[in-house]
Amino acid sequence: MSDRKLAAQFFDAAIALLQRARDEEADAVEAAGTLLADTVAAGGRLFAFGAGHSSLAAQDVVYRAGGLALMNLLAVPGVEVASGPLGSTLERVDGLAGAVLDTSPLRAGDALVVVSLSGRNAMPVEMARRARALGVKVIGVTSVAYASQTGSRNASGTFLKDHCDVVLDSKIAVGDSELTLDTVPAPFAPASTVVTSALLQAVMATAAGALAERGIEPPLLRSGNVDGGLDWNARIMEEYRDRIFYGR
């Protein structure tokens with residue numbers, strides 16, 4: 001089997017997952033986008049969190065050309081993908097999410113996107129549960145399949161999906177590998193980042209459209225590499241400086 005054939009198989013698998021997410025999660029995407037629009041319109045702030053590779057999708061909607069300027073990263077040192085095994089270990093530590101929230105700017109009336117492929121580890125579960133207790137609306141992006149095929153690693157025995165106002169199901173199979181080959185001893189070619197990022201960008205697009213329908217200019221950023229982009233962004237950053245926390 002040629003590398004080119006494997007590449008085509010991965011593209012086919014990713015496209016099929018994207019189509020499922022588009023068709024089967026349309027209502028959830030609409031609900032999540034509306035929730036973010038409601039939060040912005042009411043003066044709330046937007047945050048995103050993810051651990052390990054899930055942090056990539058969370059980062060993808062922060063300080064992004066074409067994205068909502070109010071989306072802030074709820075950063076936790078050591079749990080980003082670059083930390084490797086340390087991040088995976090910290091994600092399983094009970095109580096850490098509470099400490100993060102207690103020292104974060106998150107407050108009642110805000111919205112938090114929690115990204116966790118498995119949704120089983122202590123940190124994302126606790127993050128969602130504690131945030132809701134604070135009066136924060138929570139959008140979870142996860143693979144619901146894990147809840148029926150694996151056990152929770154949180155003391156509550158629950159999953160991320162159990163503590164969200166809106167759940168987006170990425171449809172990713174347990175193990176996050178789309179391809180197998182007789183000559184390769186392990187499954188390979190993960191697609192979770194592709195699908196999760198697409199779901200979140202669909203939510204951002206929905207939120208921008210919902211704000212515009214209400215007569216509210218969506219606080220969008222433009223590329224700094226196009227003429228006028230830097231001036232545009234400076235205006236947005238100044239107008240919403242009390243709701244933007246990155247770069248400080």
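A crossing of two helices is called left-handed if the near helix is turned anticlockwise from the far one by less than a right angle, and right-handed if clockwise. The model shown here is predicted, so local features need pLDDT of at least 70 and side-chain atom pairs count only at pLDDT 80 or more, while totals for chains, interfaces and linings use all residues. Residues are numbered from 1 along each chain as its sequence is written, and side-chain values use heavy atoms, with hydrogens and water left out.

**View 1. Helix H2 passes helix H8 in a right-handed crossing.** Helices here are DSSP runs (H or I, at least four residues), numbered from the N terminus, as are strands (E, at least two). The axes of H2 (residues 26–41) and H8 (residues 192–213) come within 7 Å and cross at roughly 50°. Axes are lines fitted to C-alpha atoms, for helices over the stretch in contact, and angles run from 0 to 180 degrees between N-to-C directions.

**View 2. Here is the contact between H2 and H8.** Contact means heavy atoms within 4.5 Å. Among the residues taking part are Val29, Glu30 and Gly33 of H2, and Leu199, Met204 and Thr206 of H8. By class, the contact has 13 nonpolar, three polar and one charged residues. Ala, Val, Leu, Ile, Met, Phe, Trp, Tyr, Cys and Pro count as nonpolar, Asp, Glu, Lys and Arg as charged, and the others, Gly among them, as polar.

**View 3. Meet the lining of the largest pocket: ten nonpolar, 17 polar and six charged residues.** Helices H3 (54–59), H4 (85–90) and H8 and strand E4 (137–142) each give two or more residues to this lining.
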